[in-house]
Amino acid sequence: MPEPTNQTTIIGPDTTLKGELTFENSARIMGRVEGKVSSKGEVTIGDGAACKATIDAGRVLVDGVVEGNITAKEKVQLNAKARVVGDITAMTLVVSEGASFTGHCRVGADTAGAWIEDLGSTNGSYVNGERVQRRSLRDGDRLRVGNCELKFFGEGSSEAGYHRELLNHAVYDELTGFYNRRQSREMLEHAFDRGRSEPSRLRLMILDLDHFKQVNDTHG
(Lines give C-alpha, C1' and ligand atoms only; values in the text may rest on other atoms or scores of the structure.)
Protein backbone atom coordinates (compact mmCIF):
# COMPACT_ATOMS: atom_id res chain seq x y z
CA MET A 1 0.00 0.00 0.00
CA PRO A 2 1.44 3.42 -0.90
CA GLU A 3 2.16 5.89 1.85
CA PRO A 4 -0.73 8.29 2.50
CA THR A 5 -0.41 11.53 0.56
CA ASN A 6 -1.80 13.79 3.29
CA GLN A 7 1.02 15.60 5.02
CA THR A 8 1.30 15.53 8.79
CA THR A 9 2.99 18.29 10.77
CA ILE A 10 5.10 16.98 13.65
CA ILE A 11 5.81 18.99 16.80
CA GLY A 12 8.73 17.15 18.37
CA PRO A 13 9.16 16.15 22.01
CA ASP A 14 11.76 18.88 22.68
CA THR A 15 9.52 21.66 21.32
CA THR A 16 7.37 24.13 23.28
CA LEU A 17 4.93 26.38 21.41
CA LYS A 18 2.54 29.05 22.69
CA GLY A 19 -0.20 30.76 20.72
CA GLU A 20 -2.72 29.80 18.05
CA LEU A 21 -1.70 26.91 15.79
CA THR A 22 -3.62 26.21 12.59
CA PHE A 23 -2.97 23.18 10.37
CA GLU A 24 -4.41 22.56 6.91
CA ASN A 25 -3.90 18.81 7.26
CA SER A 26 -3.11 16.54 10.19
CA ALA A 27 -0.81 17.29 13.11
CA ARG A 28 0.99 15.15 15.66
CA ILE A 29 2.02 16.86 18.90
CA MET A 30 4.82 15.18 20.85
CA GLY A 31 5.97 18.23 22.84
CA ARG A 32 4.24 21.02 24.79
CA VAL A 33 1.62 23.38 23.37
CA GLU A 34 -0.30 26.20 25.04
CA GLY A 35 -3.09 28.21 23.42
CA LYS A 36 -5.33 26.93 20.63
CA VAL A 37 -4.94 24.14 18.08
CA SER A 38 -7.06 23.96 14.91
CA SER A 39 -6.90 21.42 12.09
CA LYS A 40 -9.09 20.30 9.20
CA GLY A 41 -7.66 16.80 9.60
CA GLU A 42 -6.55 14.73 12.55
CA VAL A 43 -4.76 15.98 15.65
CA THR A 44 -2.83 13.43 17.69
CA ILE A 45 -1.57 14.22 21.18
CA GLY A 46 1.25 11.72 21.56
CA ASP A 47 2.35 9.78 24.61
CA GLY A 48 4.31 12.16 26.84
CA ALA A 49 2.91 15.30 25.21
CA ALA A 50 1.24 18.06 27.25
CA CYS A 51 -1.34 20.31 25.63
CA LYS A 52 -2.84 23.22 27.59
CA ALA A 53 -5.08 24.37 24.78
CA THR A 54 -8.47 24.16 23.16
CA ILE A 55 -8.47 21.73 20.24
CA ASP A 56 -10.76 21.95 17.21
CA ALA A 57 -10.25 19.34 14.49
CA GLY A 58 -11.85 16.72 12.31
CA ARG A 59 -10.59 13.90 14.54
CA VAL A 60 -8.64 13.98 17.80
CA LEU A 61 -6.59 11.09 19.20
CA VAL A 62 -5.14 11.48 22.68
CA ASP A 63 -2.30 9.44 24.19
CA GLY A 64 -0.93 12.26 26.35
CA VAL A 65 -2.32 15.05 28.54
CA VAL A 66 -4.83 17.69 27.44
CA GLU A 67 -6.05 20.55 29.62
CA GLY A 68 -8.70 22.30 27.57
CA ASN A 69 -11.89 21.71 25.63
CA ILE A 70 -11.86 19.34 22.64
CA THR A 71 -14.19 19.68 19.66
CA ALA A 72 -14.13 17.19 16.78
CA LYS A 73 -16.37 17.04 13.73
CA GLU A 74 -16.01 13.25 13.64
CA LYS A 75 -14.36 11.42 16.51
CA VAL A 76 -12.46 11.88 19.75
CA GLN A 77 -10.48 8.84 20.87
CA LEU A 78 -8.90 8.66 24.32
CA ASN A 79 -6.35 5.87 24.44
CA ALA A 80 -5.21 4.10 27.60
CA LYS A 81 -2.67 6.73 28.69
CA ALA A 82 -4.86 9.74 27.88
CA ARG A 83 -5.55 12.34 30.56
CA VAL A 84 -8.11 15.00 29.62
CA VAL A 85 -9.43 17.86 31.75
CA GLY A 86 -12.05 19.75 29.78
CA ASP A 87 -15.28 19.35 27.85
CA ILE A 88 -15.50 17.09 24.80
CA THR A 89 -17.81 17.65 21.84
CA ALA A 90 -17.83 15.04 19.07
CA MET A 91 -20.03 12.81 16.95
CA THR A 92 -18.19 9.75 18.31
CA LEU A 93 -16.32 9.36 21.59
CA VAL A 94 -14.10 6.33 22.18
CA VAL A 95 -12.58 5.91 25.64
CA SER A 96 -10.11 3.08 26.17
CA GLU A 97 -9.70 1.33 29.51
CA GLY A 98 -7.26 3.30 31.66
CA ALA A 99 -8.00 6.70 30.14
CA SER A 100 -9.02 9.59 32.41
CA PHE A 101 -11.53 12.26 31.42
CA THR A 102 -12.74 15.07 33.69
CA GLY A 103 -15.17 17.61 32.29
CA HIS A 104 -18.57 18.77 33.42
CA CYS A 105 -19.30 15.19 34.29
CA ARG A 106 -17.09 12.42 35.61
CA VAL A 107 -17.87 8.72 35.23
CA GLY A 108 -15.84 6.02 36.94
CA ALA A 109 -15.88 2.86 39.01
CA ASP A 110 -14.66 1.62 42.38
CA THR A 111 -15.10 -1.50 44.49
CA ALA A 112 -18.78 -0.62 44.97
CA GLY A 113 -19.40 -0.48 41.23
CA ALA A 114 -19.77 2.20 38.57
CA TRP A 115 -20.98 5.71 39.33
CA ILE A 116 -21.57 9.10 37.76
CA GLU A 117 -20.77 12.42 39.43
CA ASP A 118 -21.70 15.91 38.25
CA LEU A 119 -18.95 18.48 38.82
CA GLY A 120 -21.13 21.56 38.91
CA SER A 121 -22.23 21.74 35.28
CA THR A 122 -24.77 24.38 34.28
CA ASN A 123 -27.07 21.98 32.43
CA GLY A 124 -26.71 19.16 34.93
CA SER A 125 -26.30 15.40 34.57
CA TYR A 126 -29.28 13.08 34.35
CA VAL A 127 -29.85 9.38 34.93
CA ASN A 128 -33.13 8.01 33.57
CA GLY A 129 -34.46 11.57 33.32
CA GLU A 130 -33.63 12.50 36.93
CA ARG A 131 -31.00 15.16 37.65
CA VAL A 132 -28.26 13.78 39.89
CA GLN A 133 -25.20 14.98 41.77
CA ARG A 134 -23.71 11.53 42.28
CA ARG A 135 -25.34 8.19 41.70
CA SER A 136 -24.43 4.54 41.29
CA LEU A 137 -25.13 3.10 37.86
CA ARG A 138 -27.07 -0.03 37.04
CA ASP A 139 -27.24 -2.04 33.86
CA GLY A 140 -29.47 -0.30 31.32
CA ASP A 141 -29.37 3.17 32.93
CA ARG A 142 -29.65 6.03 30.45
CA LEU A 143 -27.38 9.02 31.00
CA ARG A 144 -27.71 12.51 29.59
CA VAL A 145 -24.81 14.95 29.87
CA GLY A 146 -25.40 18.18 27.96
CA ASN A 147 -26.45 17.14 24.44
CA CYS A 148 -24.93 13.68 24.81
CA GLU A 149 -27.08 10.65 25.64
CA LEU A 150 -25.46 7.40 26.76
CA LYS A 151 -26.58 3.96 27.86
CA PHE A 152 -24.66 2.15 30.58
CA PHE A 153 -23.85 -1.55 30.30
CA GLY A 154 -22.32 -3.38 33.24
CA GLU A 155 -19.64 -6.01 32.88
CA GLY A 156 -21.15 -9.24 31.60
CA SER A 157 -24.29 -7.58 30.24
CA SER A 158 -25.87 -9.53 27.37
CA GLU A 159 -26.60 -6.28 25.52
CA ALA A 160 -22.98 -5.18 25.93
CA GLY A 161 -21.95 -8.51 24.46
CA TYR A 162 -24.27 -7.90 21.51
CA HIS A 163 -22.66 -4.52 20.81
CA ARG A 164 -19.18 -6.04 21.11
CA GLU A 165 -20.23 -8.63 18.55
CA LEU A 166 -21.36 -5.88 16.18
CA LEU A 167 -18.01 -4.14 16.64
CA ASN A 168 -16.15 -7.36 15.91
CA HIS A 169 -18.07 -7.81 12.65
CA ALA A 170 -17.25 -4.21 11.68
CA VAL A 171 -13.52 -4.53 12.45
CA TYR A 172 -12.44 -8.14 11.87
CA ASP A 173 -12.52 -10.48 8.89
CA GLU A 174 -14.74 -13.43 9.79
CA LEU A 175 -12.68 -16.06 7.95
CA THR A 176 -9.15 -15.16 9.07
CA GLY A 177 -9.81 -13.31 12.33
CA PHE A 178 -7.49 -10.52 11.18
CA TYR A 179 -8.46 -6.86 10.84
CA ASN A 180 -10.56 -6.25 7.75
CA ARG A 181 -9.42 -4.00 4.91
CA ARG A 182 -11.01 -0.82 6.26
CA GLN A 183 -9.61 -1.24 9.77
CA SER A 184 -6.18 -2.27 8.45
CA ARG A 185 -5.99 0.81 6.25
CA GLU A 186 -6.93 3.10 9.13
CA MET A 187 -4.31 1.53 11.40
CA LEU A 188 -1.66 1.77 8.68
CA GLU A 189 -2.38 5.46 8.18
CA HIS A 190 -1.96 6.06 11.91
CA ALA A 191 1.24 4.00 11.92
CA PHE A 192 2.67 6.05 9.04
CA ASP A 193 1.83 9.24 10.94
CA ARG A 194 3.63 7.96 14.04
CA GLY A 195 6.53 6.74 11.90
CA ARG A 196 7.26 10.24 10.66
CA SER A 197 8.13 11.32 14.20
CA GLU A 198 9.51 7.98 15.40
CA PRO A 199 10.99 6.27 12.29
CA SER A 200 12.80 3.58 14.28
CA ARG A 201 9.48 2.22 15.57
CA LEU A 202 7.83 1.66 12.18
CA ARG A 203 8.09 -1.78 10.61
CA LEU A 204 5.96 -3.24 7.82
CA MET A 205 5.99 -6.95 7.00
CA ILE A 206 4.29 -8.42 3.92
CA LEU A 207 3.62 -12.16 3.58
CA ASP A 208 3.12 -13.89 0.24
CA LEU A 209 1.38 -17.24 0.80
CA ASP A 210 1.76 -19.78 -2.00
CA HIS A 211 -1.43 -21.36 -3.35
CA PHE A 212 -3.64 -19.24 -1.08
CA LYS A 213 -6.04 -18.75 -3.99
CA GLN A 214 -7.24 -22.31 -3.52
CA VAL A 215 -8.09 -21.59 0.12
CA ASN A 216 -9.85 -18.38 -0.82
CA ASP A 217 -11.84 -20.03 -3.62
CA THR A 218 -12.89 -22.87 -1.32
CA HIS A 219 -13.74 -20.97 1.86
CA GLY A 220 -14.61 -17.52 0.52
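A salt bridge is a side-chain nitrogen of Lys or Arg within 4 Å of a carboxyl oxygen of Asp or Glu. The exercises below concern a predicted model, in which local features need pLDDT of at least 70, side-chain atom pairs count only at pLDDT 80 or more, and totals for chains, interfaces and linings use all residues. Residues are numbered from 1 along each chain as its sequence is written, and side-chain values use heavy atoms, with hydrogens and water left out.

**Exercise 1. Describe the salt bridge between Glu24 and Lys40.**

Step 1: take the distance. The two side chains meet at 3.1 Å, N to O.

Step 2: Strands are DSSP runs of E with at least two residues, helices are runs of H or I with at least four, and both are numbered from the N terminus. Glu24 sits in the loop between strand 2 (16-23) and strand 3 (26-29), and Lys40 in the loop between strand 4 (32-39) and strand 5 (42-45), so the pair ties together parts that are 16 residues apart in sequence.

Step 3: check exposure. Buried means under 20% relative accessible area, exposed means over 50%, and partly exposed lies in between (1.4 Å probe, protein chains only). Glu24 is exposed at 54%. Lys40 is exposed at 63%.

**Exercise 2. Which parts does the salt bridge of Asp47 and Lys81 tie together?**

Step 1: find the contact. The closest N and O atoms of Asp47 and Lys81 are 3.1 Å apart.

Step 2: locate both ends. Asp47 lies in the loop between strand 5 and strand 6 (50-62), while Lys81 lies in the loop between strand 8 and strand 9 (83-85); the pair therefore ties together parts 34 residues apart in sequence.

Step 3: compare with the cut-offs. Asp47 has 44% relative accessibility and is partly exposed. Lys81 has 54% and is exposed.

**Exercise 3. How many salt bridges does the whole structure hold?**

Step 1: count. The search finds five.

Step 2: name another pair. Arg135 and Glu130 meet at 3.4 Å, N to O. Glu130 is partly exposed, at 48%.

**Exercise 4. Classify the aromatic pair.**

Step 1: recall the rule. Rings of Phe, Tyr and Trp (its six-membered ring) pair if their centres lie within 6.5 Å; planes under 30 degrees apart count as stacked, over 60 as edge-to-face and the rest as tilted.

Step 2: apply the rule. The structure holds one such pair. The ring centres of Tyr172 and Tyr179 are 5.1 Å apart and the planes are at 15°, so the pair is stacked.

Step 3: Tyr172 is partly exposed at 35%, and Tyr179 is partly exposed at 37%.

**Exercise 5. Which rings lie under Arg134 and Arg144?**

Step 1: A charge sits over a ring if NZ of Lys or CZ of Arg is within 6 Å of the ring centre and within 35 degrees of the ring normal.

Step 2: read off the partners. Arg134 lies over the face of Trp115, at 4.1 Å from the ring centre. Arg144 lies over the face of Tyr126, at 4.3 Å from the ring centre.

**Exercise 6. Is Asn128 buried or partly exposed?**

Step 1: find the place. Asn128 is in the loop between strand 15 (125-127) and strand 16 (130-132).

Step 2: take the area. At 43% relative accessible area, Asn128 is partly exposed.

Step 3: note the backbone. Phi of Asn128 is near 55°, a positive value in a residue other than glycine.
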